[in-house]
Amino acid sequence: MTFTQVYNKLLKHYGHQDWWPAKTSFEVMVGAILTQNTAWTNVERAIARLESRACLTPQAILDAPLSELTECLKPSGYFNLKAQRLRNYCQWYINAGELPCLSCIDTDALRKQLLMVNGIGPETADAILLYAFERPVFVIDAYTRRIFSRLKLLAGDAPYEVLQDQFETGLQTDVAVFNEYHALIVCHAKDACKKCPGCIDCCLSYICPSCKR
Ligand code: SF4
């Protein structure tokens, strides 16, 4: 079994996911920061609040009183922490020249810069790189670890960059595939390969060594 075979099966079963659900690149960035430790529906509510108060630009987020910003972010949880992280990110983003300047930086250098922003870890940085900057980096999250360790394609407790390297060398470098694959992983983790796996209805059951059918 290969990463490509799993991808093909997931795509056939679930279809295209059309990620990232956002209107602009900056909204992708905001969503990637707010989605830490919360469900996407909560992020959507927080983004809608930011938008309704004309706060969905980097400068508006920096200019907004902290109380107003935290009020907008409440639905996403950890709102004080996320307000600070969002401000850190916006300050960096503006100082770095926003999308036109950052788009000219090569992927490794841009990733290093993102990781230097307080509150931005590898998963968030890679989600921003892939979905906002359209760079070919594979996003590793808890769902990826869970599914692919059950498929015995990787060790779920291996360091982030080791797992990322396994995906990136096991697949053809293709932004569209990386985009779709991560979205399909999230979909599969919610639909079948949950904490308590639903193997009976799983589209991977015939190739999964951990299947409990
Ligand atoms: S067969 Fe079960 S353990 Fe394997 S991927 Fe499907 S749900 Fe997960």
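Biologist: Is cysteine 72 buried or exposed?

Modeller: This is a predicted model. Burial is judged from relative accessible area, and a residue under 20% counts as buried. Cysteine 72 has a value of 0%, so cysteine 72 is buried. Cysteine 208, at 18%, also counts as buried.

Biologist: How many disulfides does the structure hold?

Modeller: A disulfide requires two cysteine sulfur atoms within 2.5 Å. The structure holds zero disulfides. For cysteine 72, the nearest cysteine sulfur belongs to cysteine 55 and is 5.2 Å away.

Biologist: Which residues of the largest nonpolar core touch the most other members?

Modeller: In soluble globular proteins, nonpolar side chains tend to be buried together. Here the largest nonpolar core has 72 residues, and those touching the most other members are Val30, Tyr89, Leu114, Phe148, Phe167 and Tyr181. Helix H12, residues 175-191, gives the most to this core, with eight residues.

Biologist: Why does this core lie between domain 1 and domain 2?

Modeller: The core lies between them because domain 1 (3-17 + 138-201) and domain 2 (25-131) both give residues to it.

Biologist: What does phenylalanine 148 touch?

Modeller: Leaving aside residues up to four places away in sequence, phenylalanine 148 touches Phe3, Val6, Leu153, Leu154, Phe167, Tyr181 and Ile185.

Biologist: Which residues are around the ligand?

Modeller: They are Arg150, His188, Ala192, Cys193, Pro197, Cys199, Cys202, Ser205, Cys208 and Cys211. By class, this shell has seven nonpolar, two polar and one charged residues.

Definitions and conventions. Residues numbered from 1 in each chain as written. Predicted model: local features only at pLDDT ≥ 70, side-chain atom pairs only at ≥ 80, totals over all residues. Heavy atoms only, no water. Near = heavy atom within 4 Å. Nonpolar A, V, L, I, M, F, W, Y, C, P; charged D, E, K, R; others polar. Buried < 20%, exposed > 50% of the residue type's maximum accessible area, 1.4 Å probe, protein only. Core = buried A, V, L, I, M, F, W, Y, C linked by side-chain atoms within 4.5 Å. Helix = DSSP H or I, 4+ residues; strand = E, 2+ residues; numbered from the N terminus. Domains from an automatic or database assignment. Contact = heavy atoms within 4.5 Å.
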